[in-house]
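Subject: Structure for you to look at

Hello,

Here is the structure I promised to pass on. Please open it first and then read the notes below.

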Amino acid sequence: MRPTLTQLRGWATQSIIDSADTISADATTIGDSISGAAVVLDRSSWRGCSRAGADQALTTLRDKGNQLRNTLLRIADETADAGADLHGWRERILDYVTDVQAAGYRVSDTGIVTHPGELDEWTELAAFRHTQEIERGLRALDDADERYGSTLATLNKAMHDLATGDDTVTIGGGGQVTPADAINLLKGMDVGRRRDFLLSLSASDRERVIAADPTTIAGLDGIDFPSRFAASEITMRTEIVRLERAGNHRRADTLRSLLAQSENPSPDRTVRTPMGEDTDSERTFLYTGDKGNGHLIEMVGELNPDTRNVAVYVPGTGTRLETMSGNVTAARKLAAATDGPVFVFLDGDLPQKLGYEGLGEGAKKSWRSAVPWGLAGVVPTAVDGVNDSLRDSAADPRFAEEMAPRLVAFGKSLDTELSAVAPGATTTYVGHSYGGSVVGTAEQLGLRADRVVYASSAGTGVLEGGWHNPNPDVQRYSLTAPGDPIHYSQSLPDNPHGGDPDDTPGVTRLDTGYHGPDENGHRAPVEGLAGHGSYWNDPGSDAFGNIVKVIRGEMPTAYVDRGSDYPIAATVEDVLVPTTRFFSPPLAAAIDLADGDLNLPGPLRDIKLRLPGLG
Amino acid sequence: MSTHSSLGAAVKAAVHDLLVLDPDEVTAIAARWEHAAEEVGRLAFDPPRRIAGTSSTVIAALHTTGDRAASAADMLAAQLRFTATTCRRAAAELSATDESSCPGINGAG
């Protein structure tokens with residue numbers, strides 16, 4: 001249903017965007033009204049047979065009310081995205097037409113461009129190109145209009161069935177079950193059968209099943225990802241309302257921002273077009289509710305039959321829902337460079353501090369203890385201070401223990417999805433810093449991967465024993481910049497995150513090389529503290545390029561010795577020790593970092609440190 | 001005094017155990033459901049219905065969305081009202097039965 005330019009001028013695309021909010025608000029009203037009705041019954045002392053009847057009647061009403069609310073939330077989400085896309089294309093097309101007319105051309109209502117004056121070859125060619133460009137814009141607009149219109153029509157059908165009292169969906173073999181029963185069937189069947197079961201339903205019946213219990217569908221392994229994405233959108237919109245009412249406006253705002261369109265890594269930006277492109281698209285999540293630091297998985301980029309490689313990126317310390325945007329930006333760059341989707345895996349809590357943050361306070365306490373108790377007071381207080389500081393920090397392996405099983409489960413879901421959508425596509429798991437420890441632990445628990453990259457990784461896994469990746473041909477790589485302080489943590493004999501991936505047999509250490517050239521063409525080495533993560537923001541860096549090559553199945557560049565991994569200790573040992581034969585106290589601490597304990601004077605035993613996996 | 005009080009509480013508990021339905025409470029529940037029906041039935045879904053534009057699948061679908069959503073909300077409101085009415089009737093019948101039983105019980109006394 002392609003519009004003429006006159007019709008397009010009449011499209012109230014801003015009203016489409018605005019109506020998404022009113023639909024969402026109406027959906028919330030329905031949910032609140034039904035909940036209010038349920039609460040008074042739940043709290044009453046009414047008993048007996050009549051109460052059972054009332055319960056049954058209200059359960060039916062509640063199911064229908066929730067289905068209607070959730071379907072409307074789905075519609076609100078699709079409407080917001082449709083509005084954003086159509087509004088963007090409408091503005092681009094009409095602005096372009098205005099510019100062409102200002103340049104003296106005529107534009108017909110169907111977008112044919114002509115020139116009223118004498119036609120020379122150049123003017124004729126320019127008119128032809130303008131026609132082509134308007135044609136391209138109208139085609140893109142029409143594609144978006146049809147795509148969203150089709151989804152909205154499906155959702156309308158689901159709502160119509162609900163309104164007309166059709167309480168069932170049709171399953172394979174022609175059986176009729178309620179949407180709630182369909183969910184129970186899905187939960188009870190093998191993971192491998194769920195996808196086919198749900199996809200065998202008609203599109204509108206599928207929407208009704210999703211609307212019946214979006215949280216379950218979003219989290220059910222084996223369900224196709226698009227259905228889980230749709231269910232997640234409903235759950236996020238529901239959670240936004242709940243969080244606002246609970247006073248958690250920050251988390252609600254964060255979730256709201258995730259629902260807005262954002263840069264899409266898929267479009268080819270190497271070709272510049274006069275009218276411009278729609279570079280934004282809907283973001284896609286697997287989300288089952290607000291938990292801890294904000295658990296979710298985001299798919300950046302598109303998964304389609306042409307996909308040849310997929311990456312799963314597990315970020316490091318400090319990452320949570322409110323701070324994940326930097327990781328998502330890196331994932332977009334990775335998706336664009338690998339021409340495949342990248343999943344940002346945040347389905348769990350990562351530590352939010354490195355471990356040194358409380359040491360200052362601990363030192364103050366030690367000093368205060370020294371006043372009445374002397375050295376006898378300092379030592380235990382100092383040990384307590386160190387332990388307090390390390391608790392819940394990057395040194396704590398429990399985050400990896402808790403998160404790794406979810407990564408294994410997600411990996412199975414991903415494999416199921418890939419075998420259906422993009423058979424033969426490879427999977428690469430990239431764990432950065434603490435995320436490396438999560439990936440390593442998942443490998444210990446049986447994560448299947450084609451390739452694994454331990455990037456500036458805290459270790460090879462927090463559990464006892466080796467990796468149990470079921471893929472015997474898995475390729476493993478590590479990548480740690482020289483001078484990255486995490487080397488100290490990796491090499492500790494008591495590293496809570498396992499072994500040093502750079503030295504682990506079967507792991508190929510890769511070159512981190514240099515950053516991309518600056519404005520003067522200079523390339524700085526990836527090294528030191530900044531080298532722990534700076535390459536994620538630099539697609540021109542050798543480190544980033546090596547990750548891309550691994551994901552794409554190309555040959556990465558092996559490790560090149562570009563400097564010491566332990567520059568502080570090396571400097572102290574190489575320069576100061578031979579010349580002065582004396583450790584000044586601050587430098588002794590640096591030496592301590594290298595040998596993994598805190599030296600105490602005299603007969604006192606050294607304190608074993610469990611140093612944090614940085615960043 | 002305390003024995004008297006305990007006895008009163010025991011009698012109240014016994015009556016509570018015997019009576020499964022308090023007409024006043026059921027009437028209040030029905031009123032809440034009618035209120036919910038009113039809230040849901042009031043939703044007009046006008047904004048999507050009023051979006052201007054022709055030759056757009058999305059805009060046409062949103063016009064339909066408004067109609068479908070209004071129908072579904074009406075259905076829900078009607079069912080809420082029906083359930084509330086049924087409850088009110090049950091409460092009224094219980095009260096009437098109670099009142100009609102009174103003279104007989106009084107006569108027996």
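Leaving aside its neighbours within four places in sequence, which residues is Ile547(A) in contact with? They are Leu334(A), Val430(A), Val453(A), Ala455(A) and Leu479(A). Two residues are in contact if their C-beta atoms, placed from the backbone, lie within 7 Å.

A word on conventions. This is a predicted model, in which local features need pLDDT of at least 70 and side-chain atom pairs count only at pLDDT 80 or more, while totals for chains, interfaces and linings use all residues. Residues are numbered from 1 along each chain as its sequence is written, and chains are lettered from A and ligands numbered from 1 in the order in which they are written.

The chains. Chain A has 19 helices and 16 strands; chain B has 4 helices and 0 strands. Helices (H or I, at least four residues) and strands (E, at least two) are DSSP runs, numbered from the N terminus. Of the 615 residues in chain A, 44% are buried, and of the 109 residues of chain B, 30% are. A residue is buried if 20 or more other C-beta atoms lie within 10 Å of its own, exposed if 12 or fewer, and partly exposed in between, with C-beta atoms placed from the backbone.

The core. The largest nonpolar core has 147 residues. Such a core is a set of buried Ala, Val, Leu, Ile, Met, Phe, Trp, Tyr and Cys residues joined through C-beta atoms within 7 Å. Tyr313(A), Val344(A), Ile547(A) and Leu80(B) have the most contacts inside this core. H3(A) gives the most to this core, with 16 residues.

The interface. 51 residues of chain A are in contact with 40 residues of chain B. On the side of chain A that touches chain B, the largest share, 15 residues, comes from H2(A).

A helix pair. H3 (residues 48-102) and H9 (residues 225-245) of chain A pack at an angle of about 100 degrees, with their axes 9 Å apart. Axes are lines fitted to C-alpha atoms, for helices over the stretch in contact, and angles run from 0 to 180 degrees between N-to-C directions. H3(A) and H9(A) are therefore roughly perpendicular to each other (angles under 35 degrees count as roughly parallel, over 145 as roughly antiparallel, 65 to 115 as roughly perpendicular and the rest as oblique). Among the residues making the contact are Leu73(A) of H3(A) and Ile234(A) of H9(A).

Regards
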